[in-house]
Amino acid sequence: MTGRAVLLRGGRLIDPSQRLDETGDLLIENGTIAGIGRVGEVRRDGDALETIDCAGRVISPGFIDVHCHLREPGREEVETIATGARAAAAGGFTAVCAMPNTDPVTDNQAAVGFIISQARKANASRVYPIGAISIGEMGETLAEFGEMVAAGAVAVSDDGKPVASAQLMRTALEYARTFGIPVADHCEEPTLARDGVMNEGIISARLGLRGIPAEAEEIMAIRDILLARRTGGHIHLCHMSTKGSVELIRWGKERGINVTAEVCPHHLSLTEDAVEGYDTNAKMNPPLRTAEDVAALQQGVKDGTIDVIATDHAPHHYDEKEREFADAPNGIVGLETALAVNLTWLVKSGIVDLPLLVERMSCAPARLFRLPGGSLQRGAAADVTVFDPEVEWTVDASSFRSKGRNTPYAGMTLRGLVECTLVDGRVVYRRDR
Amino acid sequence: MSVGPLGKDLLGLEPLSADQIRLILDTAEPFKEISERTIKKVPTLRGKTIVNLFFEASTRTRVSFEFAQKRLSADTVNVAASGSSVSKGETLVDTARNLEAMRIDMVVIRHGASGAAQFLAERIESNVINAGDGTHEHPTQGLLDMLTLRDHFGKIEGLKVCICGDVLHSRVARSNIWGLKKLGADVAVCGPRSLLPNAIDAFGVTVFDRIEDAIQWADALNVLRLQLERMQRGYIPSLREYNRVFGVSRERLARAPRDVLILHPGPMNRGVEIDSDVADGPQSVILNQVTNGVAVRMAVLYLLSGGRPELAEAAKGGQR
C-alpha cells in the first residue's frame with residue numbers, strides 16, 4: 001500500500017467501537033489508522049502529508065452494506081462490479097457484499113474468484129462475494145460453502161428467492177457452522193406471496209394489484225429463527241419489512257438464539273402509499289408496508305432488534321421499470337441515497353442519534369459478517385467515511401455513479417451528503433464542491 | 001386534445017366527483033334515443049379519430065364502444081393484441097408512442113394489467129378511456145349499471161345494491177362500489193371470503209357471508225361473472241358447490257320481501273353464479289344494461305371530446 005499519509009483534521013470523530021464521539025484529527029498511514037486524537041495533537045514527521053479539512057463534518061468508520069446486487073456477471077448493461085463499487089464509494093460505503101443471484105449464479109469457487117478479481121480491477125470500494133446456499137439458487141442441492149469461503153465468500157444466501165425447503169435451510173445452518181459464516185435468508189413463503197406485487201392491504205385492494213401479506217415474511221422469519229435455535233447456526237434475516245417480523249426477532253433474541261436482522265432505508269422511510277399511481281419505482285420485494293410497520297422497524301433499529309441497515313441496492317435498466325406495474329421488476333437503487341435517507345428519517349426526526357446510525361451502518365455489519373473495518377482504532381484498516389450530516393440536497397438520479405436510475409426518492413430533498421470516502425487509506429470518492 | 005368537464009381521461013370512478021358521475025348519466029339520457037332511430041347516426045364526433053386498443057379479448061365492451069363511436073360519426077380503428085405489434089413483443093409505452101405519432105384524438109384501452117390505462121394516459125396527449133384494466137376499474141360498466149338502476153328506481157340515493165361473487169378479481173365491482181357510494185347508495189358485497197379482498201372493510205361496504213341474507217336486504221343484486229380460472233387456482237372447490245352456496249336462484253329470490261332487480265355485467269355462466277330462470281326472468285335487466293352501455297359510452301366520448309353537457313340534446317340533432 002501507498003506510504004502517503006492522510007490527515008483528516010478537525011472533524012467530529014464518531015466510532016461506536018470505542019465509544020468515541022468527539023472533535024479531533026485522524027491520521028492514516030500505510031492503509032491503516034495511525035493516530036487519533038484531539039485537534040492538533042496527532043503529529044507526523046516528514047512530508048507527503050495530505051490534509052483534508054473536516055470541520056463541521058463527521059468522520060466515521062466506513063459504511064458496510066451487507067446486501068446489494070451488482071448484476072455482474074450477466075447483466076452488465078444494468079450494473080457492473082466496477083460501477084457498483086464506485087456508487088458504493090459515493091454513498092460512503094467502503095465495502096459491500098454482492099448477492100449471488102447473477103447469471104450465472106455465484107454458487108462455486110470460480111464464480112466467487114471472478115467477483116474478487118473484478119472488484120480488484122475496479123479499485124474503488126471493497127466488494128465481498130456472498131455465495132449461493134444452493135446450486136443455481138434452485139433450492140435443491142447445497143453449494144460448496146467451504147470452497148466458496150476459501151475463495152473469499154463471506155456469507156451464503158439464495159437472496160432473490162426464499163429457501164422454500166425447511167430441510168435445506170436446516171442443513172445450510174448446520175453446515176455453515178464449520179466455516180463461521182452467516183446464512184442470509186430472503187424470507188418469503190412462496191405460496192402466500194405468489195404473483196403478489198405490493199403489500200396486501202387497502203391500497204392493493206383499491207388499485208386491483210395482487211398483495212403480498214405480511215405473514216408471507218413472518219412465517220419464514222419464525223421458521224428460520226426456530227431452525228437457528230435447533231442448529232445453533234447464525235441466521236441473518238434480510239430486508240425485514242413488517243412489525244410482526246420485528247416482534248419475532250425480538251422473541252428470538254430474548255431467548256439467545258443466533259439471529260441477526262437487517263432493514264433497508266426504504267422500509268424505514270416509505271409506505272405502500274408510494275405505490276399510488278402505479279409508480280414502479282415503489283415496487284420492491286419485500287414490498288413497502290404500512291406506517292405502523294415503518295414505525296416498528298425504526299424502533300427495532302433503535303433498540304437493537306434490527307442489527308444492521310443494508311441497501312438491497314437493485315439496479316434495473318430504465319425501460320424495464322417503464323411498464324405495467326405487475327410486469328415491472330422489483331427493486332430500487334440504494335447505495336447513493338442510503339445515508340441521506342437514514343439521516344432524514346431516523347436522525348433528523350430524533351429516533352436515533354449519529355453514533356447509533358454509524359453502529360448500524362458500519363460497526364455491526366463488520367462484526368456480524370467478520371469483515372475488516374467498522375472501527376477507527378489505531379491499527380485498523382483505514383476504511384473511513386467523512387460526511388456532512390446537515391447539508392440538504394435534492395436527489396437527481398442522473399447524477400448517480402450507479403448505472404441504475406430507479407429510485408423513489410428522485411426529486412426529494414434529503415439531508416446529509418458524503419464528502420469523502422477512503423478505502424485502505426486511499427481516497428476513492430471525493431465530493432465535487 | 002381537449003379537456004372537458006371530466007378532465008382529459010376517464011380512468012375510473014374512484015377519482016370522479018358525484019357531480020361528474022351525474023353529468024355523465026344525465027348526458028346519456030338524450031343519447032339513448034339515437035339508438036332507437038332508423039338511421040342511427042349523428043355527426044357529433046365527425047373528424048375525430050379513435051383507436052380501440054384491446055389487449056384482452058372482449059366482444060360486448062368493444063362492440064358497444066364501436067357502436068357508440070360510429071353513431072357519433074367518429075373514425076375508428078380497432079387494434080387487438082393478437083396479430084398486432086403487441087404480439088411481436090412491443091411494449092405498452094412503444095405502442096402508446098406510435099399511436100401518438102399518428103395524431104389520434106382518443107384511445108379506448110382494455111388491458112390485463114391494473115393501471116395500464118393510467119400508464120397510457122400519462123404518456124400520451126390524447127384522451128384515454130379505460131375499458132377495463134386488470135382487476136382495477138371498468139368505469140363505463142359501472143356507469144351503465146348505475147344508469148340501469150336509475151332507469152328502474154328513479155334514483156340511486158338510498159338504494160340498497162349488493163355486488164355478488166368474485167369481488168377480489170373484479171374491476172366491475174370496484175367501479176360499482178365507488179360510483180354507487182358517491183351517488184348515495186347503500187352498497188354491500190356477498191361472496192366467499194376467499195374471493196373478497198382481505199381489506200374489504202376499507203371500502204365502506206356491508207359484507208354478507210350468505211347470499212340469502214343479501215337477498216333479504218337488497219333492492220338490487222349485481223351478480224358478477226365467476227371465472228372458471230378461480231376454481232383452477234384454488235379459490236373455490238368447485239363451480240357446483242359455488243352454485244349451491246352462492247348461486248342466485250328463483251327459489252332464493254322468491255323468499256325476498258320485495259322484487260329484487262337483477263343485473264349482470266356478462267358474459268353469464270348460466271347455472272353457476274346465476275340460474276337461467278333468473279337471468280331470463282321478469283326481474284332481470286341484463287339486456288337493458290347492454291342497451292344503456294351504448295348511450296353511456298356515447299356520453300363519455302362526447303364529454304371527453306369537449307362537448308358541452310347542455311348541448312347534448314342539440315348535438316344529437318346534428319347542430320354544433
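## Helix α6 of chain B

Helix α6 of chain B, residues 171-182, contains 12 residues and spans 17 Å between its first and last C-alpha atoms, close to the 16 Å expected at 1.5 Å a residue. That expected span is 1.5 Å times one less than the number of residues. Helices (H or I, at least four residues) and strands (E, at least two) are DSSP runs, numbered from the N terminus. This is a predicted model, in which local features need pLDDT of at least 70 and side-chain atom pairs count only at pLDDT 80 or more, while totals for chains, interfaces and linings use all residues. Residues are numbered from 1 along each chain as its sequence is written, chains are lettered from A and ligands numbered from 1 in the order in which they are written, and side-chain values use heavy atoms, with hydrogens and water left out.

The helix is mostly covered, with 10 of its 12 residues buried; buried means under 20% relative accessible area, exposed over 50%, and partly exposed in between (1.4 Å probe, protein chains only). The buried residues of α6(B) are B:R171, B:V172, B:A173, B:R174, B:S175, B:N176, B:I177, B:W178, B:G179 and B:L180. After α6(B) comes B:G184, which has a positive phi near 90°.

## Helix α5 of chain B

Helix α5 of chain B covers residues 139-153; its 15 residues reach 21 Å from first to last C-alpha, close to the 21 Å expected at 1.5 Å a residue. This helix is also mostly covered, since 12 of its 15 residues are buried. Among them are B:P139, B:L143, B:L144, B:M146, B:L147 and B:L149, and the charged side of the list includes B:D145 and B:R150. In this classification Ala, Val, Leu, Ile, Met, Phe, Trp, Tyr, Cys and Pro count as nonpolar, Asp, Glu, Lys and Arg as charged, and the others, Gly among them, as polar. B:G154 follows α5(B) and has a positive phi, near 85°.

B:D9 belongs to the segment before α1 (18-32) of chain B. Its relative accessible area is 16%, and B:D9 is therefore buried. The side chain of B:D9 makes a polar contact of 2.9 Å with that of B:K8, and a polar atom of the B:D9 side chain lies 2.8 Å from the backbone nitrogen of B:V128. A polar contact is a pair of N or O atoms within 3.5 Å; within protein, one must be able to donate a hydrogen and the other to accept it, and residues adjacent in sequence count only if both atoms are side-chain atoms. Apart from neighbours within four places in sequence, B:D9 is in contact (heavy atoms within 4.5 Å) with B:A121, B:S126, B:N127, B:V128 and B:L304.

B:R230 is part of helix α8 (residues 228-232) of chain B, and its relative accessibility of 7% is why B:R230 counts as buried. Residues up to four places away in sequence aside, B:R230 touches B:D166, B:H169, B:L195, B:Y235 and B:I236.

## Packing of α8 and α9 in chain A

In chain A, the axes of helix α8 (residues 243-254) and helix α9 (residues 291-303) come within 8 Å and cross at roughly 30°. Axes are lines fitted to C-alpha atoms, for helices over the stretch in contact, and angles run from 0 to 180 degrees between N-to-C directions. The two helices are therefore roughly parallel to each other, where angles under 35 degrees count as roughly parallel, over 145 as roughly antiparallel, 65 to 115 as roughly perpendicular and the rest as oblique.

From α8(A), residues A:K243, A:V246 and A:R250 meet A:E292, A:D293, A:A296, A:L297, A:G300 and A:D303 of α9(A). The residues of this contact divide into three nonpolar, one polar and five charged.

## Backbone features in loops

Most residues other than glycine have a negative phi, and most peptide bonds are trans. A:R19, in the loop between β1 (5-15) and β2 (20-29) of chain A, has a positive phi near 50° and is exposed, at 81% relative accessibility. B:R103 has a positive phi of about 55°; this residue lies in the loop between α3 (92-101) and β3 (106-111) of chain B and is exposed at 63%.

A cis peptide bond links A:E72 to A:P73, with omega about 5°, and A:P73 sits in the loop between β6 (63-68) and α1 (81-90) of chain A. Another cis peptide bond joins B:G266 and B:P267, with omega about -10°; B:P267 is in the loop between β9 (261-263) and α11 (276-279) of chain B.
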